[in-house]
Amino acid sequence: MVKIIFFDIDGTLIDIDADDMSDKTKYALQKLKENKILIFAATGRPYYIVPKFDGIEFDGFLTFNGQLCLYNDEIIYENHLDPQDVKKVIQNASEIDKACMAASDTLMGANFYDKKLDDYMLIADPNGAKVLQNFDELIKENIYQMMVAATKDQEPIILKDLNHTLVHDGILMQWTSYQPLVVKVLEPKKSWSILAFLQMKLWHLAMAVTIKICWKLLDVVLPWEML
């Protein structure tokens with residue numbers, strides 16, 4: 001039997017304003033590993049800005065809220081944005097003078113500076129919404145997530161004429177009167193990508209899989225006892 005737990009990071013394994021896990025949380029995760037239970041991080045962040053924790057090695061990652069999934073550093077599931085939708089979001093945002101943040105599997109950045117977008121990105125990345133001189137080259141790559149700092153009433157403008165892309169309401173965060181508008185492929189919950197992940201050939205070898213999905217554990221208390 002394979003046992004696996006998927007953990008959100010921000011506000012779950014670490015407090016939203018913290019840089020590291022509590023010792024108690026680390027101890028719990030280490031005990032899970034000792035008991036042959038796989039631990040995965042499920043996060044809205046790209047893989048390359050997922051924080052590293054001393055003494056903790058995740059078996060895999062569901063990044064971009066499940067748009068790009070890795071097991072032992074191997075990509076086993078991906079679902080990038082429609083390239084035409086990427087261009088359209090940028091065009092729509094430019095009409096109301098809004099910057100766009102785009103993220104590929106290796107790089108992310110904005111087409112120009114936007115303080116509200118930068119402030120939001122500083123929560124996860126000390127570089128904030130870094131402006132890229134080669135932004136036009138970036139968007140030629142597979143883009144897994146985009147952000148625009150827009151008010152709620154500006155969302156229809158940003159999303160106008162898109163074919164396969166919607167807002168993922170589950171990870172919007174209020175920022176004064178603004179909120180980052182996270183544009184992603186139509187997959188509104190991380191749990192959907194977890195199910196897709198479990199259909200990969202890795203799990204076809206297993207007779208059974210026990211899954212726990214943990215989104216709201218600020219201080220983990222012996223979670224392996226729940227399995």
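Is tyrosine 47 buried, partly exposed or exposed, and what is its relative accessible area? Select tyrosine 47: it is partly exposed, at 26%, where buried means under 20% relative accessible area, exposed over 50%, and partly exposed in between (1.4 Å probe, protein chains only).

This is a predicted model, in which local features need pLDDT of at least 70 and side-chain atom pairs count only at pLDDT 80 or more, while totals for chains, interfaces and linings use all residues. Residues are numbered from 1 along each chain as its sequence is written, and side-chain values use heavy atoms, with hydrogens and water left out.

**The aromatic pairs**

The structure contains five aromatic pairs. Rings of Phe, Tyr and Trp (its six-membered ring) pair if their centres lie within 6.5 Å; planes under 30 degrees apart count as stacked, over 60 as edge-to-face and the rest as tilted.

With tyrosine 47 it forms an edge-to-face pair, 5.1 Å from centre to centre and with 70 degrees between the planes. The two residues are 14 apart in the chain: tyrosine 47 is in the loop between strand 2 (38–42) and strand 3 (60–63), and phenylalanine 61 is in strand 3. Helices (H or I, at least four residues) and strands (E, at least two) are DSSP runs, numbered from the N terminus. Phenylalanine 61 is buried, at 10% relative accessibility.

Next, select phenylalanine 64 and tyrosine 144. Their ring centres are 5.4 Å apart and their planes stand at 15 degrees, so this pair is stacked. Phenylalanine 64 lies in the loop between strand 3 and strand 4 (68–71), and tyrosine 144 in the loop between helix 4 (135–138) and strand 8 (145–150), so the pair ties together parts 80 residues apart in sequence. Phenylalanine 64 is buried at 0% relative accessibility, and tyrosine 144 is buried at 1%.

Then select Phe6, Phe40 and Tyr71, which form one aromatic cluster.

**An exposed loop residue**

Move to glutamine 133, in the loop between helix 3 (115–121) and helix 4. Glutamine 133 is exposed, with a relative accessible area of 78%. Glycine 109 is 24 residues from glutamine 133 in sequence and 9.3 Å away in space, C-alpha to C-alpha.

**Confidence along the chain**

Finally, colour the model by pLDDT, the predictor's confidence in each residue, from 0 to 100. The chain averages 75, and 72% of the residues score at least 70. Confidence is highest in helix 4, at 96, and lowest in helix 7 (residues 201–204), at a mean of 44. Over residues 201–213 the pLDDT is below 50. Where pLDDT is low, the predicted coordinates should not be read in detail.

Methods: Contact = heavy atoms within 4.5 Å.
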